[in-house]
Amino acid sequence: TGPQGQLRYLSVSGDPTFNEEGVFTGYRGTGTEITERKRFEARIRELAEYDFLTGLPNRIMLESHFASAVRDAADQQVGIALLFIDLDRFKNINDSLGHHVGDALLEQTAKRLLKLVGAQATASRHGGDEFVVLVPDCGAVVSVATLAEKIVTTLGAPYHLAGLELTVTPSIGISLCPQDAEDLDALIRNADLAMYDAKARGRNQFSFFSAAMNEKAQQRLAIENGLRRAVERGEFHLVYQPIVRLEDSLVIGAEALIRWSSPELGVVAPIQFIPIAEEAGLIVAIGEWVIQEVCRQQQIWSEDPLFTRFSVAVNVSAKQFSNQKIVGFLQKTLAAHDLTPAALELEITESVLMDHQDSTAQVLSALTSAGFRLVIDDFGTGYSNLSYLKRFHIAKLKIDQSFVRDLITDVDDAAITCGIISLAKNVGISLVAEGIETPQQRDFLLDHYCQQGQGFYLCLPLRAAELTVFLKENAMHLPRAKQARRPAYPET
């Protein structure tokens, strides 16, 4: 030990010595202080087994602790739990405040985890904003749930960093050994699936793995793989749901809806494959195919007097909309089919306006300047800064079908619907009600000055050829009100 009590290491080597009578008298040799070498070796070992930022065990140390836990579990006939933790929207911290703030938050998260789990479990950093907690001898499932709930509460408490108060909530997936898997890789994979289930249910909570989750993950993988080949194999097709002027039941346009028939998976609903296409980065290619197919069909319809001033609405995803090339793509595609921007209406969600204000403002302005009509789809389901209705020259709002569905029986839905109608009227924006399924809904909307509507009661989605025949044979036989109703406010 050194003069201040520091621990020092010496390396001594020597040979025994004896006197003339052959009696052992001691050793003769050399000694070297190796304290720095020992510190260096300890540091190398630490870098190999611990995360450099948080100081938590890394994957190598986690594997070692898991092997010990398995041996103990076999002897004591107990289970093991693995909790996979992901910080919700952590990327926003890095992007908006910088990586130095993100790193500081990760360090604080690690300290909270260590303090919470103590010696009863191993808290490790899996990478990025992901952590893994290994709980040996976990006992009853309820105890694991209790621990997970404590982690949600502890990590969700505000952080005070760089003079700011930040709140980052965790989503946690839990898998159990041996019920869900018996090796570490499989446990982590299953807990990861459960974590995504927790995110899908709203974040800031935990979820246990189940066989159903695994089946869902396999289905998702099959859908993603199928989507990568669907365009080139011609598996998509479009149907068109007519948009009707409620006052006189005249079909004035349609919304293009994509459908997918996979040879391996059968008919896959859009609600299943569209979110996966967005996550997998395939939505832009699919969206471009939709626009090209609509323009091809519009070129055919433009030669038929029945389709004069007939516009088709296409849904544009946030990823398509954030692409600065979308304006040029649309103009090039229209020109190739000898069409003007009036042939299309571009449907976007409120989240495009609110979540990407800076990045999309230029695109929005360029589109409206080029003559494209912008439509806000599912209006009323999200928060919208209403000043953007005018700033970006929004041409039309679509009342979400969730309000239309119960407006006859639910006074709140009726009030919200009337409020949206009044808003559109006052700012001079056209309006379409989605999901009209009964004559009562149609009459209510017409009585309250809603101009346009679409839904199964008015007309089912049809293939292009079917829609052409329908308009030629049945245009004057769409469902009408029994008597003249109050006129809609003037079109804008």
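1. Start with Phe-236 and Trp-260, both of which are buried in this predicted model. Their ring centres sit 6.0 Å apart with the planes at 55 degrees, so this is a tilted pair. Phe-236 belongs to strand S10 (residues 236-245) and Trp-260 to strand S11 (residues 250-262), so the contact ties together parts that are 24 residues apart in sequence. These two rings are also members of one aromatic cluster, together with Phe-273 and Trp-289.

2. Trp-301 has a relative accessible area of 2%, so it is buried. Phe-310 comes out at 6% and counts as buried too. The count of aromatic pairs comes to ten.

3. On to charges: the structure holds 21 salt bridges. One of them joins Asp-51 to Arg-125, with the closest N and O atoms 3.2 Å apart. It links distant parts of the chain, 74 residues apart: Asp-51 is in the loop between helix H1 (35-49) and helix H2 (59-76), while Arg-125 is in strand S4 (residues 122-127). Asp-51 has a relative accessible area of 13%, and the cut-off for buried is under 20%, so Asp-51 is buried. Arg-125 is buried as well, also with 13%.

4. Arg-59 and Asp-185 make another salt bridge, at 2.2 Å from N to O. Here Arg-59 sits in helix H2 and Asp-185 in helix H6 (residues 184-200), so the pair connects parts that are 126 residues apart in sequence. Arg-59 is partly exposed, with a relative accessible area of 29%. Asp-185 is partly exposed too, at 46%.

5. What about Asp-304 and Lys-472? Their side chains meet in a salt bridge of 3.6 Å, N to O. Asp-304 is in the loop between helix H9 (283-301) and strand S13 (311-315), and Lys-472 is in helix H18 (residues 464-474), so parts 168 residues apart in sequence are tied together. Buried or exposed: which is Asp-304, and which is Lys-472? Asp-304 counts as buried, with 16% relative accessibility, whereas Lys-472 counts as exposed, with 57%.

6. There's a salt-bridge network to check too: Arg-220, Glu-224, Arg-228 and Glu-279 are linked in it.

7. For the surface, take the nonpolar patch formed by Phe-18, Phe-24 and Tyr-27. Together these residues have about 390 Å² of accessible area. Phe-18 is found in strand S1 (residues 10-18).

8. Ser-351 has a relative accessibility of 34% and counts as partly exposed.

9. Last, confidence. The protein averages a pLDDT of 86, and 90% of the residues score at least 70. The stretch to be careful with is residues 482-492, where pLDDT stays under 50. The model has 27 contacts beyond four places in sequence for this stretch.

Terms used
Residues numbered from 1 in each chain as written. Predicted model: local features only at pLDDT ≥ 70, side-chain atom pairs only at ≥ 80, totals over all residues. Heavy atoms only, no water. pLDDT = per-residue confidence, 0-100. Contact = heavy atoms within 4.5 Å. Patch = residues over 30% accessible without salt bridge, like charges linked within 9 Å, V, L, I, M, F, W, Y side chains within 5 Å. Areas by Shrake-Rupley, 256 points an atom, 1.4 Å probe, with all protein chains shown as cover. Salt bridge = Lys/Arg side-chain N within 4 Å of Asp/Glu carboxyl O. Helix = DSSP H or I, 4+ residues; strand = E, 2+ residues; numbered from the N terminus. Phe/Tyr/Trp six-rings, centres within 6.5 Å; stacked < 30°, edge-to-face > 60°. Buried < 20%, exposed > 50% of the residue type's maximum accessible area, 1.4 Å probe, protein only.
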